[in-house]
Amino acid sequence: MSTLKTYILEKLPYTKPFLFVDEIFKVDDNGIEGAYTFKEDEYFYEGHFKELPITPGVILTECMAQIGLVSLGIYLLKDIKQKDVLVAFSESHVEFLKTVKPKETVTVISEKIYFKFNKLKCKVKMLNENDEVVCKGELSGMLIQD
């Protein structure tokens, strides 16, 4: 399984400073679980609240999408010969419940709702280090094989 997790991480179409996946813990046809630690020197903290840096909601959504949608999509397409998987993000409905500060590690858990005609829709949630739900919702996108 670790080879498969490495394969997924290598196939992600992102690089720093816009890569928000550190680890994939488990993955199967029905879902995926992974984590990311927000580093203290992330580029967006400099301007997102002067005295109290918090992670912007759009970045939390992106982190959930990279782990819960794109990484799962790469796994689901693993048996198809491909160079890269690109995602045309098509829909998001996310509810934000808690903040994420620098140096926090979050875990993203995604459950596949459906995958048909290369459209993947997932129910996702992000947990903080205390297993509290930070945000949750549904994400979908079209997986495009290059």
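The model is predicted, so local features need pLDDT of at least 70 and side-chain atom pairs count only at pLDDT 80 or more, while totals for chains, interfaces and linings use all residues. Residues are numbered from 1 along each chain as its sequence is written, and side-chain values use heavy atoms, leaving out hydrogens and water. Helices (DSSP runs of H or I, at least four residues) and strands (DSSP runs of E, at least two) are numbered from the N terminus.

**Strands β4 and β5**

- Strand β4 (residues 105–116) pairs with strand β5 (residues 119–127) in the antiparallel sense, over nine bridges; two strands pair if DSSP finds at least two bridges between them.
- Glu111 has Lys123 in β5 as its bridge partner.
- The two strands form a hairpin with two residues between them, and Phe117 in the turn has a positive phi of about 50 degrees.

**Nonpolar core**

- A nonpolar core is a set of buried Ala, Val, Leu, Ile, Met, Phe, Trp, Tyr and Cys residues joined through side-chain atoms within 4.5 Å. Buried means under 20% relative accessible area, exposed over 50%, and partly exposed in between, with a 1.4 Å probe and protein chains only.
- The largest nonpolar core has 36 residues, of which Phe38, Cys63, Leu72 and Met126 touch the most other members.
- At least two residues of this core come from each of β1 (23–28), β2 (31–37), α2 (57–76), β4, β5 and β6 (133–145).
- Helix α2 supplies the largest share of this core, twelve residues.
- Not counting residues up to four places away in sequence, Leu72 has contacts (heavy atoms within 4.5 Å) with Val27, Asp28, Gly31, Ile32, Ile67, Ser110, Lys112, Leu120 and Cys122.

**Salt bridges**

- The whole structure holds three salt bridges, each defined as a side-chain nitrogen of Lys or Arg within 4 Å of a carboxyl oxygen of Asp or Glu.
- One joins Lys39 and Asp22 at 3.2 Å, N to O. Lys39 lies in the loop between β2 and α2 and Asp22 in the loop between α1 (2–11) and β1, 17 residues apart. Lys39 is partly exposed at 29% relative accessible area, and Asp22 is partly exposed at 32%.
- Another joins Glu33 and Lys26 at 3.7 Å, N to O; Glu33 counts as buried at 18% relative accessibility.
- Lys121 and Glu138 also meet in a salt bridge, at 3.4 Å, N to O. Lys121 is buried at 17% relative accessibility, whereas Glu138 is partly exposed at 31%.

**Lys5**

- Lys5, in helix α1, is buried yet has no salt bridge.
- The nearest side chain of opposite charge (Lys and Arg count as positive, Asp and Glu as negative; His and the chain ends are not counted) is that of Glu23, 7.9 Å away.
- A polar atom of the Lys5 side chain lies 2.3 Å from the backbone oxygen of Phe25.
- Apart from neighbours within four places in sequence, Lys5 is in contact with Ile24, Phe25 and Lys26.

**Tyr36**

- Tyr36, in strand β2, is buried at 0% relative accessibility.
- The C-alpha atoms of Tyr36 and Val106 are separated by 5.6 Å, although the residues are 70 apart along the chain.

Definitions and conventions: Polar contact = N/O pair within 3.5 Å; in protein donor to acceptor, adjacent residues only side chain to side chain.
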